[in-house]
Amino acid sequence: MKTEQTVRLPSVDRILADAACLDLIAHYGRVQTLACARAVLAELRTAMLAGAGLAQCGEEGASIAAIAAHMGERLQAQARSRLRAVFNLTGTVLHTNLGRALLPDAAVHAVVEALQWPMNLEFDLETGKRGDRDDLVEELLRELTGAEAATIVNNNAAAVLLMLNTLAQNKEVIVSRGELVEIGGAFRIPDVMTRAGAVLREVGSTNRTHLADYANGINEHTSLLMKVHCSNYAITGFTKSVELGELVPLAAQHAIPTAVDLGSGTLVDLAQYGLPHETTVRETIAAGADLVTFSGDKLLGGPQCGVIVGRADLIAKIKRNPLKRALRVGKLTLAALAPVLQLYRAPDLLAERLTTLRLLTRPAAAMRAQAEQLLPQLQQVLGKSYAVTAESMTSQIGSGALPVDQLPSFGLAIRSAPGSRLSNPLGVLEQRLRALPCPVIGRIGQDTLWLDLRCLEAAHETAFIAQLDELSA
Ligand SMILES: *Cc1c(COP(=O)(O)O)cnc(C)c1O
């Protein structure tokens, strides 16, 4: 055991005067560098009193160079953002936990400009008077959906909350029992209804709801007939639900508006790109919905936001609700949304330009070629404990869009090699992949670690390959 006297450490002043530390001060500032030096010295002193050096400082324990190097690592680690770029090889294109839609270049450039410049967010450049931020995208949304008016809020959950609070506070809203959805993250229709101050009036049964159920549910307190997209589940078998087209005349007869929460509202017929058809916002408006709500960052492929489109008088009422102020979007969202909506004016070029659609429509042959090219490199760094093969697999759209539809995909399947002595080899590998500078997120199932290559586009492939070597360490 050493004593206080035998622990000899350089002074803080000597450390900070060292050339390497001067570089740290230039980069991180004096305050932070000084605090770091003190913290490292304190730890070294404790460690040396206990008879050890600071592992990271090597044999000599406490040379100024070693301390400065250690400080550099620590400051760099502290400065690293907690929000990190990752490779999404889960096979779920719109992965809610990985940030959903990736945005096209046009949106990226617009956001960068909005970050660095004052913008006419609420300023009418023609009159010089105060403007309305919704005006920046409303005309485009009208054109793309056929609706009379539109407003944008923070996300679709906010859109539903605001719509219900505006139209149905202290009144009843009729929803089929088959449509009382729970989306991940505590969004449940009955709970949102309560928070909005509306009274849910469930009609029908889980698997079958008839028009008569809606008709019988209507009374003098009814303020809205609402349909909710069964985003993340499907009811099959002996089922019956009421189409919007059947509901609209009933609502009209009683002068009650209809609303549809479309969830992942899409603006184009996806069938033209070889994907399963999903009811579009335009079709929903055309079928007579008075209001439609949908997300900006699901199939639409834009930034996180919620869109409400529909009848001008109802949208105007929604915009007057004080909650709108609390739920409104910022300039970055609108900067990103406008160019994404613009892309929809050229549907023939959309699959090339809209990142989400490009990923969803990636040809299997391209993913297959990529898998075969990456296979030997991955096998080499993983060594004999693992067996890597290129295999077909299935991707999902994600975020509750078309939950039962699977997209044929291709990627790498990693299994524990026969005779491997590692315990939980796939768990260990999954963790090593997550520890890479740009973490790689795959999916484990059937004793296999699946790396679906659908979302690894050519632009990111070099970065993926470049860090593979770190896996062998
Ligand atoms: C996804 C979804 C929501 C929530 O949308 P967010 O944009 O995530 O807030 C609400 N309703 C339905 C039907 C959905 O699919």
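Guide: The residues around the ligand are Arg100, Asn155, Asn156, Ala157, Ile183, Phe187, His229, Ser231, Asp261, Gly263, Ser295 and Lys298; each has a heavy atom within 4 Å of the ligand. The model is predicted, so local features need pLDDT of at least 70 and side-chain atom pairs count only at pLDDT 80 or more, while totals for chains, interfaces and linings use all residues. Residues are numbered from 1 along each chain as its sequence is written, and side-chain values use heavy atoms, leaving out hydrogens and water.

Helix 7 (156–168) and strand 8 (258–263) each give at least two residues to this shell. Helices (H or I, at least four residues) and strands (E, at least two) are DSSP runs, numbered from the N terminus.

Polar contacts are pairs of N or O atoms within 3.5 Å; within protein, one atom must be able to donate a hydrogen and the other to accept it, and residues adjacent in sequence count only if both atoms are side-chain atoms. A nitrogen atom of the ligand is 2.6 Å from an N or O atom in the side chain of Asp261. For Arg100, an N or O atom of the side chain is 2.9 Å from a ligand oxygen, and for Ala157 a polar backbone atom is 2.9 Å from a ligand oxygen. Taken alone, the ligand exposes 380 Å², of which the protein buries 94%. Accessible areas come from the Shrake-Rupley method with a 1.4 Å probe; for residues, only the protein chains shown count as cover.

Two strands pair if DSSP finds at least two bridges between them. Strand 12 (residues 407–416) pairs with strand 15 (residues 448–452) over 4 bridges, and Gly411 has Asp452 of strand 15 as its bridge partner.

Thr448 is in strand 15. It counts as buried because its relative accessibility is 1%; buried means under 20% relative accessible area, exposed over 50%, and partly exposed in between (1.4 Å probe, protein chains only). The side chain of Thr448 makes a polar contact with that of Arg415 at 2.9 Å.

Arg454 lies in the loop between strand 15 and helix 19 (458–466). At 1% relative accessibility, Arg454 also counts as buried. Its side chain makes a polar contact with the side chain of Ser395 (2.8 Å) and reaches the backbone oxygen of Leu360 at 3.1 Å. Leaving aside neighbours within four places in sequence, the residues in contact with Arg454 include Val93, Met367 and Phe410; contact means heavy atoms within 4.5 Å.

The protein as a whole has 20 helices and 15 strands. Of its 473 residues, 48% are buried.
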